Amino acid sequence: MAFGKNPKLGKGRKGNKKKIVDPFTRKEWYDIKAPTLFAKTKVGMTLVNRTAGTKIASDSLKGRIIEVNLADLNENEDKSYRNIKLKVQDIQGRDCMTDFYGMALTTDKLRSLVRKWQSLIEANIEVKTTDGYTLRLFCIGFTDKRDNQIRKTSYAQTSQVKQIRRKMLDIMTEEVTTSNLKDLVLKFIPNTIGTRIQKECQGIYPLKDVYIRKVKLLKAPKFDLYKLMEWHDASNVSAGKKVNVKEQEQDTGAKVE
């Protein structure tokens with residue numbers, strides 16, 4: 001036999017070669033259901049491994065956070081600057097039932113607001129709703145030119161900034177402590193709180209582009225299936241109703257965006 005031609009070297013041991021299995025054959029799809037506060041309730045699908053042994057599929061799905069653009073939820077492109085976070089709370093059949101978990105302005109919208117020759121004013125506060133949710137709200141606003149102003153800059157004095165920030169905190173506290181989470185989400189969507197802050201701060205210094213830029217859910221009460229079903233009840237009058245923007249503009253005297 002020639003040197004280096006050992007026939008046994010090319011043969012592997014039995015059982016060494018593993019059978020390649022496509023991981024997607026072990027997975028199944030579930031629908032994600034958004035609350036009826038929004039125009040569109042089916043927002044997408046998510047993957048999970050099938051139930052095997054002690055590992056149950058529904059347990060893997062619970063607690064997942066889904067971030068959806070408000071333009072997709074309400075089928076309105078004008079609201080594309082806001083992202084909504086939803087959390088999977090329960091599984092019913094092939095549906096993942098979600099509720100509100102947070103909100104934020106998109107990065108491009110936030111950066112488009114920041115300009116020269118104006119003051120940026122921010123405020124944040126932790127508040128508790130009437131139904132036991134603890135939220136942290138972040139508000140942002142910018143100074144605007146007065147009527148017939150010739151000067152290029154619109155900078156507010158430090159004392160005025162402090163007054164505006166105090167007013168922001170007072171309004172946010174009042175709005176949250178007198179509402180439950182569902183009513184609060186209905187206020188976030190048309191930017192009702194930001195519009196109110198803009199109107200009430202006119203006497204201190206004119207403001208523009210006032211938004212609740214971010215909402216974080218810090219603490220939620222114990223899970224209640226009945227309350228979750230209220231979020232998904234299509235017959236609920238308070239949920240799913242369209243907010244009349246024109247009526248809000250008449251009430252507040254400021255333009256709602």
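A pocket is an open set of points, on a 1 Å grid over the protein atoms alone, where a 1.4 Å probe fits, with protein on both sides within 12 Å along at least five of seven lines. The views show a predicted model, in which local features need pLDDT of at least 70, side-chain atom pairs count only at pLDDT 80 or more, and totals for linings use all residues. Residues are numbered from 1 along each chain as its sequence is written.

**View A. The second largest pocket holds about 230 Å³ of space.** The volume is that filled by probe spheres set on the grid points. Gln89, Asp99, Tyr133, Ala220 and Pro221 are the closest to the centre among 16 lining residues (an atom within 4 Å of a point). The lining comprises 10 nonpolar, 1 polar and 5 charged residues.

**View B. Helix H4 (158-177) and helix H6 (192-200) cross at roughly 140°.** Their axes, lines fitted to C-alpha atoms over the stretch in contact, come within 10 Å. H4 contacts H6 (heavy atoms within 4.5 Å) through residues including Lys167, Met168 and Ile171, with Ile193 and Arg196 among the H6 partners. The contact residues divide into 5 nonpolar, no polar and 5 charged.

How values were computed: Heavy atoms only, no water. Axes fitted to C-alpha atoms, helices over the stretch in contact; angles between N-to-C directions. Helix = DSSP H or I, 4+ residues; strand = E, 2+ residues; numbered from the N terminus. Nonpolar A, V, L, I, M, F, W, Y, C, P; charged D, E, K, R; others polar.
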